[in-house]
Amino acid sequence: MAVLSLLQFIEALQLNLKAAIKKDSDWYKQFMPLSEMITQLVVNRPIIKFIQQVIDEDGSVKDSASSALKKARDQVRALERKLHQLMDNLIRNETKEASLLEASNINGRWCIRSGTDQLTSFKGLLLSSGSGLGNIIEPLAAVPLNDELQQARALVAKAEANVLLMVTEKIQMDLDEIEKILRSVIQLDMIYARATYSLSFGGTYPNIFLPEDIDGPLAESYRSKDKTLQASNPKKERIFYLPKAYHPLLLQQHRQKLRMARKDVRNAASEIRRRKLQGENMAVKGEAEIELSSLEKQVRALEDAPPVPIDFFIAQKTRVLIITGPNTGGKTICLKTVGLAAMMAKSGLHVLSTESAKIPWFDSVFADIGDEQSLSQSLSTFSGHLKQISEIQSQSTSQSLVLLDEVGAGTNPLEGAALGMSILESFAESGALLTMATTHHGELKTLKYSNDAFENACMEFDEENLKPTYKILWGVPGRSNAINIAQRLGVPSIVVDNARELYGAASAEIDEVIIDMETFKQNFQELINESRHYLMQSRGLHEKLLLTRRKLKDLGADQRYKKMQELSEAAAVARSTIHKKARQLRTSAMKQSQLSKASKHTLASNYKHATAVETEQQTTNLSSSSVQVIKQPQSGKITELPEVGDTVHVSSLGKRATVLRVDAYKEEIVVQAGNMKLKLKLIDVQT
């Protein structure tokens, strides 16, 4: 069934992946190479169907797997029914003390169990007696049935083995692909576990780079992409950049304590509600409320005191970092946090830091932390450390991370300091890519001032409360504060004062210088934090300004669009009004033209009528005195062209008219007689 579950899981995973890619085609590229690995797996569907046909969900072989198996199991069931009936009949026939008899299956054979001294009426084989469980009797009538049952069960086992053999042969034919699927599923399960851990604890995606790329072509091309960003981004100048990092176990422990404390608060609150409903004694109720208040204080105390994060900003030129500071100040936790961050980054986990960490790809991480004392190997603390450091020096490379805790400790302070200086100088010259060491030897702090490959850091100590703050101060050599800590722990004042005198004035002066440096460093860090705060504020204001500018621009565009719409609508209304007026004017003009045409038609008809009357009169006059007309002179006719403005006589109308226009080529003139304008030939007018 494990093989079937594995194949069904991969088949369902492929179907889900195809459905996701169908919805979003970028999903395939986004999850490369996982999506490619899943799609390339080959699932043999006939094997799945075959296993489902012969194997049940509980892992047993089905009756339908083979005819021989079905026949053998039917025979087993029939024999068991016969035996049950036989046992029931035998027990029922025992009228006396029948309740003490019961049927039992002993090693696959059905028998009857009776009391120790009880006699039975049926004959049988005594299989067991005494032993505190009574007598076990196999009735003689059941012996042949039990023998047949054993034979039938053997046939069932043989038939099941044959079916399983067929399944094994089917799987063996596709064994290589199934093993490949199994390895892929293991890899996917590991990836899922890492992703689940990273999501549950938060953290950030680490920026991992190869150590040879620090000053290589990749780094040059990366730095040349954005020089301005490089100047403002401190990660570009670091070989190791780990801001606000947490130790995973400390963070997990704090979360567990906080979760348990909150659970206790909820339980206490529910208990108080239960007591209120049941109306219990007020004194008991008051005790419960006091307990609830105490638990709430514990929750607030845990919320106000989370683990203190540490900052690691190591420059590219640094090869050895020396961390000093008081006992119980957090030096060893710093080493472990760095080592775990490097291993988590290599393992594909998120690093528990507030910002994206920049971590080199260390080929190995070596650590000498803790007491290596061994009675079986005759190793003291000092010799155990030296043996471990010797192995680290022989195995480390130029791409390794080395973590040394309390280097040079466990022996004479002067010799230990000299040996520690020599060890760290060897790591700086030809050893690991990065070495971090903690120490109490003051001589090791001076290496920074003679070798640029060294850097100092110390654990901050609260002088007022005489407590460590677990924060790192960079570039400052630390102090052990052993005398101050001894005073806080209750060592007699005489001992403390004597220790201060023995410590010496020169050492006290050095401590004063270190104190001044620590104070300066703290003030400088506060100024840096303040400047970062103002920088973040200015960036926020700049983003708001850009957003406001964009909004104003969009608002101006919207206003212009609205104004254009309003002008367009007004222009449309104006055009509609103008067109309406024009139609009205055209209509009135057409009416006036129709009226003028009618008046002209009336005048023309009157003119024709007058002309006909005058013609008749002239004809009559000519007929009566034809001689006189012939002899009459033609002095009234126009002999030369009139000019515009002259007055002429229109004989057809019998009126005087004013000349408006003269066309000499056509011998026509336009005259106005009252309200009428007429175009006449020159022969039709007289001067």
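Let me begin with a pair of helices: α1 passes α7 in a left-handed crossing. Please keep in mind throughout that what we are looking at is a predicted model.

Two packed helices are described by the angle between their axes and the distance between the axes. For helix α1, residues 2-23, and helix α7, residues 175-201, that angle is about 65°, and the axes lie 11 Å apart. The two helices, α1 and α7, are therefore roughly perpendicular to each other, since angles from 65 to 115 degrees are counted that way. As for the side that each helix brings to this crossing, α1 contributes V3, L6, L7, F9, I10 and L13, and these meet I178, I181, L182, V185 and L188 in α7.

Let me turn now to the sheet. It is an open sheet of 4 strands, which come in the order β1-β2-β4-β3, and the pairing is antiparallel. At the edges stand β1, residues 102-106, and β3, residues 124-128, each of which has a single partner strand, so one side of each is left without a neighbour in the sheet. Neighbouring strands of this sheet are turned against each other by 40° on average, if we ignore direction.

Helix α6, residues 143-173, touches β1, β2, β3 and β4, and its direction makes about 135° with that of β2.

My last stop is H247, which sits in the loop between β6, residues 238-245, and α10, residues 248-278. Is H247 buried or exposed? With a relative accessible area of 9%, H247 is buried, because the limit for that word is under 20%. If we leave aside its neighbours within four places in sequence, H247 is in contact with I333, K336, T337 and L340.

That brings us to helix α12, residues 331-346, whose 16 residues reach 23 Å from the first C-alpha to the last, close to the 22 Å expected at 1.5 Å a residue. Its buried residues are K331, C334, L335, T337, V338, G339, A341, A342, M344 and A345. After α12 comes G348, which has a positive phi, near 85°.

Terms used. Residues are numbered from 1 along each chain as its sequence is written. This is a predicted model: local features need pLDDT of at least 70, side-chain atom pairs count only at pLDDT 80 or more; totals for chains, interfaces and linings use all residues. Side-chain values use heavy atoms; hydrogens and water are left out. The expected span of a helix is 1.5 Å times one less than its number of residues. Buried means under 20% relative accessible area, exposed over 50%, partly exposed in between (1.4 Å probe, protein chains only). Contact means heavy atoms within 4.5 Å. Two strands pair if DSSP finds at least two bridges between them. Axes are lines fitted to C-alpha atoms, for helices over the stretch in contact, and angles run from 0 to 180 degrees between N-to-C directions. Angles under 35 degrees count as roughly parallel, over 145 as roughly antiparallel, 65 to 115 as roughly perpendicular and the rest as oblique. A crossing is left-handed if the near helix is turned anticlockwise from the far one by less than a right angle, and right-handed if clockwise.
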